[in-house]
Amino acid sequence: TDKIWASSADSHVLEPLDLWKRALPAALAERAPWTVRDDNRETVYVDGQVMRRDPISFSDAMRPPGAEDVSARLQDLDEQGVWAEVVFPSRGLWISNMSDAELSRECARAWNDWCAADFASASARLLPSAIVSALDVADAVSELGRAKELGFQHVYLPTTPPAGMPYNNEIWEPLWAAAAEAGMALSFHVGTGASPVVARGPGGAVINYVETTMPGQRVVTHLVASGALDRHPDLRIVIAEGGCSWIPALADRMDEGYRQHDMFVRPKLSRLPSEIIFRQVYTSFQHDRSAVPTVEALGYDKVMWGSDYPHLEGTFPNTQKVLHELFDGVDQAVIDRITEGTMRELFDLPERIPA
Ligand SMILES: CC(C)(COP(=O)(O)O)[C@@H](O)C(=O)NCCC(=O)NCCSC(=O)[C@]1(C)CCC[C@@]2(C)[C@@H]3[C@@H]4C[C@@H]5C[C@]3(C[C@]5(C)O4)[C@H](O)C[C@@H]21
Ligand SMILES: [Mn+2]
């Protein structure tokens with residue numbers, strides 16, 4: 001069977017463990033994300049707190065050489081049939097769990113400098129998100145501007161915002177305006193900003209896997225119903241790794257609420273929630289059988305496939321098998337859209353070199 005080439009809207013880079021120790025003064029570095037491995041588990045510390053404990057088998061399953069070594073990554077991309085890829089942090093995602101604005105700002109800045117210098121510089125096929133502080137909107141606005149100068153095309157924010165800072169709150173307006181003005185997309189990756197382990201015991205793993213998509217849905221309800229996306233028609237957001245097929249259903253529910261509860265609705269929007277969503281909200285999936293039918297039958301086409309390399313939730317090392325299962329027999333225009341066309345609406349991708 002022939003190779004299907006796709007670009008991926010979701011992957012991760014594993015940063016050097018000592019990234020912040022090398023970049024920050026000791027007083028801050030010692031509070032930056034850190035992991036300790038004993039013989040059967042890896043513990044993540046952030047600002048003196050235990051954030052997470054994973055069995056070594058889980059941590060190691062996400063660490064092929066390409067996770068950390070960019071030339072190995074590019075070889076994996078070629079072998080798997082992935083042209084360009086959006087790249088999210090790994091250790092850097094823990095910045096979203098901090099409660100200290102200075103620490104968050106300085107760790108984000110150091111991550112962005114490392115990423116621009118040592119990772120993105122390796123190939124135009126790599127489209128990393130920059131990190132901005134979620135704790136202080138002014139810090140986020142200035143780091144977004146710096147990230148644009150460093151060549152980033154989007155910034156990452158957690159799906160669960162800090163306590164007291166819900167995404168419908170006006171405090172965020174300067175960041176929405178700055179992102180729209182700068183032409184930077186805002187990428188929200190599921191499972192971030194709060195512990196994604198919300199259930200334990202029987203069925204816990206599957207319950208948590210589904211629950212992790214809910215905060216991603218709340219990002220959409222909050223940014224659409226509050227008028228943030230309506231006020232900034234050029235602002236695009238991405239909900240990464242949460243699937244795509246829930247978008248039309250969410251849009252229906254929001255339209256119904258907007259119409260049937262009109263007497264309570266504020267602000268009034270210039271467009272229906274569904275119109276805003278279908279135009280400005282992009283999503284990514286890895287395996288969903290419901291993704292192609294969503295584009296074909298429900299008319300929502302801001303749908304992007306993601307490899308989630310090198311995570312277990314992704315398609316590596318069986319990307320071609322997954323792409324054939326998803327796309328064999330599908331209309332070529334739909335394939336083109338989901339495997340790269342939609343991403344090209346959001347980001348500048350290098351032209352493909354014929355394989
Ligand atoms: C085994 C249980 C049920 C505990 O039950 P028990 O006490 O033994 O009865 C529980 O620990 C569990 O469900 N463990 C499975 C793994 C997990 O944490 N699932 C959360 C939902 S999935 C998720 O949140 C994704 C989106 C996908 C998996 C990797 C994920 C956790 C990654 C991993 C871990 C950490 C969080 C992170 C970025 C990070 C650096 O890599 C994302 O923020 C988020 C992400
Ligand atoms: Mn991911």
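Modeller: First, a term. A pocket is an open set of grid points with protein on both sides within 12 Å along at least five of seven lines. A molecule sits in a pocket if more than half of its atoms lie within 2 Å of its grid points. Note that this is a predicted model.

Biologist: Where does ligand 1 sit?

Modeller: Apply the rule just given. More than half of the atoms must lie within 2 Å of the grid points. By that rule, ligand 1 sits in the largest pocket.

Biologist: How much of the accessible area of ligand 1 does the protein cover?

Modeller: Start with the contacts. An oxygen atom of ligand 1 is 2.7 Å from a polar backbone atom of Gly 191. Polar side-chain atoms also approach ligand 1 oxygen: Arg 200 at 2.6 Å and Asn 208 at 2.8 Å. On its own, ligand 1 has 850 Å² of accessible area, and the protein covers 75%.

Biologist: Which helix gives the most to the shell around ligand 1?

Modeller: The shell has eight nonpolar, seven polar and four charged residues. Four residues of the shell come from one helix, residues 204-211. That is helix 9.

Biologist: What is the volume of the largest cavity?

Modeller: A cavity is space where a 1.4 Å probe fits but cannot get out. The count is one cavity of 30 Å³ or more. Helix 5 gives the most to the lining of the largest cavity, with four residues. The volume of the largest cavity is about 50 Å³.

Methods
Residues are numbered from 1 along each chain as its sequence is written. Chains are lettered from A and ligands numbered from 1 in the order in which they are written. This is a predicted model: local features need pLDDT of at least 70, side-chain atom pairs count only at pLDDT 80 or more; totals for chains, interfaces and linings use all residues. Side-chain values use heavy atoms; hydrogens and water are left out. A polar contact is a pair of N or O atoms within 3.5 Å; within protein, one must be able to donate a hydrogen and the other to accept it, and residues adjacent in sequence count only if both atoms are side-chain atoms. Accessible areas come from the Shrake-Rupley method with a 1.4 Å probe; for residues, only the protein chains shown count as cover. On a 1 Å grid over the protein atoms alone, a cavity is a set of points where a 1.4 Å probe fits but cannot get out, and a pocket is an open set with protein on both sides within 12 Å along at least five of seven lines; lining residues have an atom within 4 Å of a point. Helices (H or I, at least four residues) and strands (E, at least two) are DSSP runs, numbered from the N terminus. Ala, Val, Leu, Ile, Met, Phe, Trp, Tyr, Cys and Pro count as nonpolar, Asp, Glu, Lys and Arg as charged, and the others, Gly among them, as polar. Grid points are joined across faces, edges and corners, and a volume is the space filled by probe spheres set on the points.
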